[in-house]
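Student: Could you take me through one part of this model up close, the open spaces in it and the helix packing beside them? I'd like the cut-offs spelled out as you go.

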Amino acid sequence: MGQYYPVQSPVHKLDPRTKLFGTLVLIVALFVADNLFCYLLAAAAVFGIIAVSKVPVKHILKGLKPVIFLLLFSVIFNLFLTDGRVLVQFWIFRITWEGIVRSVLMAVRLIFLVMGTSLLTFTTTPNQLTDGLEKGLRFLKVVRVPVHEFAMMMSIALRFIPILVEETDRIMKAQTARGADFESGGLIRKAKALIPLLVPLFISAFRRASDLAMAMEARCYHGGDGRTKMKPLRYRTADRAAYGLMFLFLAADVALRILL
């Protein structure tokens, strides 16, 4: 997640505002969904966009690794703490049919959320995301919200995700070569073993942030007021068609929830 996958596809050529709005529509649709047909519609939309974007599925599935713990926690929480028709009961724990259904739907919802946001970053460069956020949220300038600075922070955060992942892998390999053990032992021991990893990682992150701040100051960066764009954003026919498909998708999702 956070890396741009360079390839020529219709999704890559869309305006970043269109893709940002599409991600928001997917999130709304997933929270509106409450039955099997809504999730099937969402699955068709997600995998259809993946096919059109030409991004390998394995790249998108790799984005699920950081949220596996959250995914398992959510599934277990809903599985054991949902009231309904009891199927299995032991000690103070019980598994109900409603709990199984809710935990499965919650897992599918989280997986599609991560896949949708990963697809956004795979098909949009950080600079395009910055321009799209800034132009899409410029109406907030009326209430004096620093839209440009907010978009810049989001862009920098996305750009640093793959860098920090590579830095973490490099530090782990260096410490493993010196005798560190990150695999054996229980959960508490593994957590303690990560402490020597976090210290150099934070130092490296702050060093990179300081270098970036100095580079921006050396280039006389003072925010977005009065700045022009080398490539101004303009909607095209494909973007208008994409907006139409998004509204049809959201309307179909709401209709399936109401009718079923």
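Predicted model: local features only at pLDDT ≥ 70, side-chain atom pairs only at ≥ 80, totals over all residues.

Tutor: The chain has ten helices and two strands, where helices are DSSP runs of H or I with at least four residues, strands are E runs of at least two, and both are numbered from the N terminus. In sequence order the pattern reads α-α-α-α-β-β-α-α-α-α-α-α. Residues are numbered from 1 along each chain as its sequence is written, and side-chain values use heavy atoms, with hydrogens and water left out.

Now for the packing. Helix 2 (residues 36–53) and helix 5 (residues 97–123) have axes that come within 11 Å and cross at roughly 25°; axes are lines fitted to C-alpha atoms, for helices over the stretch in contact, and angles run from 0 to 180 degrees between N-to-C directions. The two helices therefore count as roughly parallel, the label for angles under 35 degrees. From helix 2, the residues in contact include Tyr 39, Val 46, Phe 47 and Ile 49, and helix 5 answers with, among them, Leu 105, Phe 112 and Met 115; contact means heavy atoms within 4.5 Å. Sorted by class, this contact has twelve nonpolar residues, two polar and one charged. Here Ala, Val, Leu, Ile, Met, Phe, Trp, Tyr, Cys and Pro are nonpolar, Asp, Glu, Lys and Arg are charged, and the others, Gly among them, are polar.

On to the second largest pocket, with a volume of about 660 Å³. A pocket is an open set of points on a 1 Å grid over the protein atoms alone, where a 1.4 Å probe fits, with protein on both sides within 12 Å along at least five of seven lines; lining residues have an atom within 4 Å of a point. Volume is the space filled by probe spheres set on the points, which are joined across faces, edges and corners. Of its 24 lining residues, Leu 14, Ala 45, Ile 49, Ala 242 and Met 246 are the closest to the centre. Helix 1 (16–32), helix 2, helix 5 and helix 10 (237–259) each supply at least two lining residues. That lining has 17 nonpolar, six polar and one charged residues.

The largest pocket, about 1100 Å³, has a lining of twelve nonpolar, eight polar and eleven charged residues. Helix 7 gives the most to that lining, six residues.

Note on methods:
Parallel < 35°, antiparallel > 145°, perpendicular 65-115°, else oblique.
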